[in-house]
Amino acid sequence: MKDTNTSLHNFGRLAAVLFAGTLIFALPAHAQVLEEIIVTASKRPQTLQEIPVAVSVITANDLKQTQILDIKDLQFLVPSLRVDTLQSSGNTNFRIRGFGNGANNAGIEPSVGVFIDGVYRSRTASALADLPNLERVEVLRGPQSTLFGKNASAGVISVITAKPDLDEFSGSAAVTVGEYSQLIIKGDVTGPFSDSAGFSLSGYYNQRDGYYDNLAGGDALGELNRYGLRGQLLFAPSDVLEIRFIADYDDFDEACCGVANLQNGPTGAAVMAIGGNLVPNAPFAYQGYYDFTPVNQFQTNGVSMQIDWDLNDSMTLTSITAQRSLSRFDNVDIDFTSAELLDPMTANRTETEIDTITQELRLSGSTETMNWMVGAFLFDEDVEQTTGVLYGNAFRPYADILVGGVPGNSLLNTMEALYNLPQGTFQESGTGLIDVSTMDDTAFSIFGQIDIDLGDRVTLTLGANYTEDEKDVIFDSTQTDVYSSIDLNNDLTVFGVPLPVVFFGQAFTAATVPFNPPDGLDPTPANIAFVESVLPGTTAAIIAGVAEGIADLQDLQFLPPNVGFPNSVEPGTSKDDDTTWTVRLAFDVSDNVNVYASASTGFKATSWNLSRDSRPFPQDQAAIEAAGLSVPNLVYTTRFAGPEESTVYELGLKARWDTVAVNLAIFDQAIEGFQSNIFTGTGFKLANAGKQSTTGVEIDIRWQPTEAFQGTLAATYLDPLYDSFEDGEGVDDVTFESLSVDLSGTQPPGIHDLSLTTSGRYDFTMGSADGFVRLEYIYENEIRVIENTPESVASRKVSTLNASAGLAWDNGFEAMLWGRNLNNDEYLMSAFPSVAQAGSFSGYPNQPRMYGLTLRKYFD
């Protein structure tokens with residue numbers, strides 16, 4: 001349960017922030033007027049202050065001055081947005097108001113929808129390009145399924161880029177040099193072909209050496225190596241018709257990410273005993289030992305066409321058609337030591353191909369008393385994935401030590417002889433598990449929304465969306481790990497307790513040497529009865545000891561066989577449908593202030609587990625065994641997590657005067673069936689939490705008291721709770737043993753109670769140049785990182801300072817110095833139980849201080 005004093009302290013801190021914000025209104029107003037910001041959060045243009053929706057907007061100027069390169073960096077400007085990167089750049093997870101998932105599994109679509117120029121990007125890997133010529137980025141907070149469909153149950157990130165210029169030629173070229181030999185080259189050009197047609201072309205190259213040293217001699221981790229091209233054609237043959245074509249290609253070939261040892265458990269000594277190494281108990285050493293350099297390669301490309309046709313003065317038809325492809329190859333040293341526990345060629349190898357086609361049609365219009373919109377959205381996606389984990393040369397010696405022997409001589413050798421297998425068969429290098437899966441996902445939505453003027457100052461908004469989503473999944477598993485295929489509990493029953501006959505016999509004979517020196521007694525019923533008559537309890541003690549030994553041996557069966565599907569029990573299909581809605585009442589208190597009250601729902605379809613951890617449900621065990629499908633040591637967990645349904649109730653205020661703009665939202669948001677995906681040390685567990693909820697307050701203030709200075713403050717206070725989550729993953733904070741626990745009534749980890757971002761920008765003139773200086777401060781209170789890693793090992797608090805300063809001359813030349821994390825703030829982005837290393841924990845540290853110089857030239 002959350003500590004009440006801590007909550008009150010954080011709420012008091014936020015109250016102080018809000019009070020400080022209200023002091024703004026007491027300051028004298030000046031002639032300077034804040035710039036008006038246009039947004040399309042409701043799929044039609046409105047000003048930021050008049051739209052009754054909780055939305056944060058990052059302008060093109062903010063993006064440039066803060067050196068925001070891709071959407072991952074937006075979290076430094078939007079307190080309600082959090083971004084986690086795991087194993088590779090492509091495994092990026094967005095959360096808004098503490099809600100969101102996705103991460104390391106191609107079968108799990110994100111809860112935060114990402115749209116670039118109206119086109120849905122179904123996986124975050126396809127949305128990480130260094131986008132030039134941005135107009136703005138809109139972050140819509142809370143469920144947005146009414147207008148944005150099935151995977152916007154937590155919110156939406158909408159990226160809007162500039163259209164080609166139909167009036168004149170212009171362009172820019174920029175070069176950035178920075179820490180760790182970073183080099184960024186960007187360029188763009190736009191102009192008309194004629195009075196009614198134009199184009200734009202842009203490209204970038206971004207390279208940076210890694211900042212996380214590999215002490216085993218490989219490349220440093222955290223490197224960047226990416227490039228991309230983007231072209232647009234714009235046709236406006238008449239005043240009522242506009243057609244926009246976009247094509248893009250992006251290529252990433254990177255080594256991500258550095259992983260630190262947070263807690264070196266008892267297995268660390270075994271790693272070192274076989275010649276491996278690690279940097280123990282050092283979360284921010286920014287160095288480690290890896291037996292190979294991780295590979296993160298992905299290419300994404302797509303084309304889209306948007307048609308906007310004004311059918312008359314009050315009605316517009318919009319069509320957005322898109323086709324996108326994503327190709328990924330990842331191979332990661334998942335034990336994060338220099339011991340070759342896994343085969344370097346296939347340590348955690350994943351190859352993924354995703355092809356997506358989307359089509360949206362919208363018809364919008366207006367009358368004197370209302371604005372309305374109806375539309376439909378079609379989605380068709382094919383996913384193919386091959387993933388594998390194979391043992392390396394060092395795993396068997398490592399296992400020998402874990403069972404109490406030495407490399408080459410342990411109980412595993414004895415077992416191989418008893419099973420008449422060649423020495424070295426168990427955990428043999430190159431054996432393991434290979435899984436191949438496909439998923440076909442088809443969905444459609446129909447939606448509508450209407451804004452009704454109930455008077456001069458009152459507007460009622462009603463909206464609804466009906467969505468159907470159907471997935472067909474094929475999963476095939478090939479297992480070559482002999483040891484994990486042996487049923488260690490199915491050879492003999494002694495006193496009703498199942499035990500392998502060989503282990504019991506050896507233990508009984510050794511224990512009865514005093515009765516028949518030096519050979520002991522054979523475990524015959526007569527001998528067992530004799531020993532019990534002399535020393536009652538001897539057999540039970542032997543059974544207990546052997547059972548404990550068997551449990552230790554079972555802990556090494558990391559890759560048990562699996563059952564493919566579809567099969568006679570598991571059809572491999574899901575079909576979901578849901579109707580989501582929005583009801584909102586907005587009231588213009590004055591020309592400067594409006595308030596609103598709203599309720600809305602969101603929907604996310606079933607997510608399938610396409611990793612090696614996709615296992616049958618426990619409730620299917622009897623049917624699988626009856627159908628003859630079962631295999632030795634088959635683990636029963638989950639194949640998929642069912643749909644999420646979210647609901648939010650919200651009160652908001654939007655106010656704007658000449659020098660001050662204030663946006664305030666108070667909300668109560670919950671997700672039923674939240675799709676939890678957590679790493680357990682040997683795999684990912686995908687399951688539905690019963691309910692997760694959050695109540696909170698968000699405030700966003702812009703203040704421009706003079707022409708030379710603008711300040712901003714954005715703060716979020718959240719009070720999150722697992723209302724019900726009975727089958728959660730936890731850890732004993734003393735023994736560090738993983739546990740299955742009831743998390744109901746506890747605070748979900750990784751969600752900060754208080755987050756705030758504040759900035760100040762001062763503009764000045766220096767000779768013939770216009771200049772600026774900008775400072776940003778990001779604060780997040782201390783919280784537990786993840787539920788299955790002890791809080792004493794992995795907690796997070798953020799206190800980060802960024803800055804930039806630049807000059808711009810009349811000839812189009814600009815120079816900017818910038819620094820990110822200037823105070824070298826250190827915190828963990830995520831943490832997890834170390835792979836195949838019981839009692840150890842690992843984590844992803846944040847990026848260290850970065851700084852650089854950007855030179856840019858505009859031309860026309």
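Strand E20 gives the largest share of the lining of the second largest pocket, namely 5 residues. The model is a predicted one, and the pocket in question holds about 930 Å³ of space. Its lining counts 36 residues, and those closest to the centre are Thr40, Lys43, Pro45, Gln306 and Arg362. Besides E20 (349-366), at least two lining residues each come from E8 (134-141), E9 (155-161), E15 (241-254), E18 (295-312), E19 (315-331) and E21 (370-390). Sorted by class, this pocket's lining splits into 10 nonpolar, 13 polar and 13 charged residues.

Rolling a probe the size of a water molecule over the atoms shows where empty space remains. The largest cavity comes out at about 850 Å³. Its lining runs to 44 residues, with Lys72, Asp73, Phe76, Met829 and Gln847 closest to the centre.

Strands in a sheet pair up through backbone hydrogen bonds, in either a parallel or an antiparallel sense. Here, 3 strands make an open sheet, ordered E16-E43-E42, with antiparallel pairing. E16 (260-263) and E42 (828-833) sit at the edges, each pairing on one side only. From one strand to the next, the twist averages 35°. The pairing of E42 with E43 (residues 841-845) is antiparallel and spans 5 bridges. Within that pairing, serine 830 has tyrosine 844 of E43 as its bridge partner. Met829, which falls in the residue range of edge strand E42, is also among the residues closest to the centre of the largest cavity.

That leaves a helix, H6, which covers residues 411-418. Its buried residues are Leu412, Asn413, Met415 and Glu416. These four lie on the same side of H6 because they cover an arc of only 160° around the axis. Just past the end of H6, asparagine 420 adopts a positive phi of about 60°.

Conventions
Residues are numbered from 1 along each chain as its sequence is written. This is a predicted model: local features need pLDDT of at least 70, side-chain atom pairs count only at pLDDT 80 or more; totals for chains, interfaces and linings use all residues. Side-chain values use heavy atoms; hydrogens and water are left out. Buried means under 20% relative accessible area, exposed over 50%, partly exposed in between (1.4 Å probe, protein chains only). The arc is that of the directions from the helix axis to the C-beta atoms. Two strands pair if DSSP finds at least two bridges between them. Axes are lines fitted to C-alpha atoms, for helices over the stretch in contact, and angles run from 0 to 180 degrees between N-to-C directions. On a 1 Å grid over the protein atoms alone, a cavity is a set of points where a 1.4 Å probe fits but cannot get out, and a pocket is an open set with protein on both sides within 12 Å along at least five of seven lines; lining residues have an atom within 4 Å of a point. Grid points are joined across faces, edges and corners, and a volume is the space filled by probe spheres set on the points. Ala, Val, Leu, Ile, Met, Phe, Trp, Tyr, Cys and Pro count as nonpolar, Asp, Glu, Lys and Arg as charged, and the others, Gly among them, as polar.
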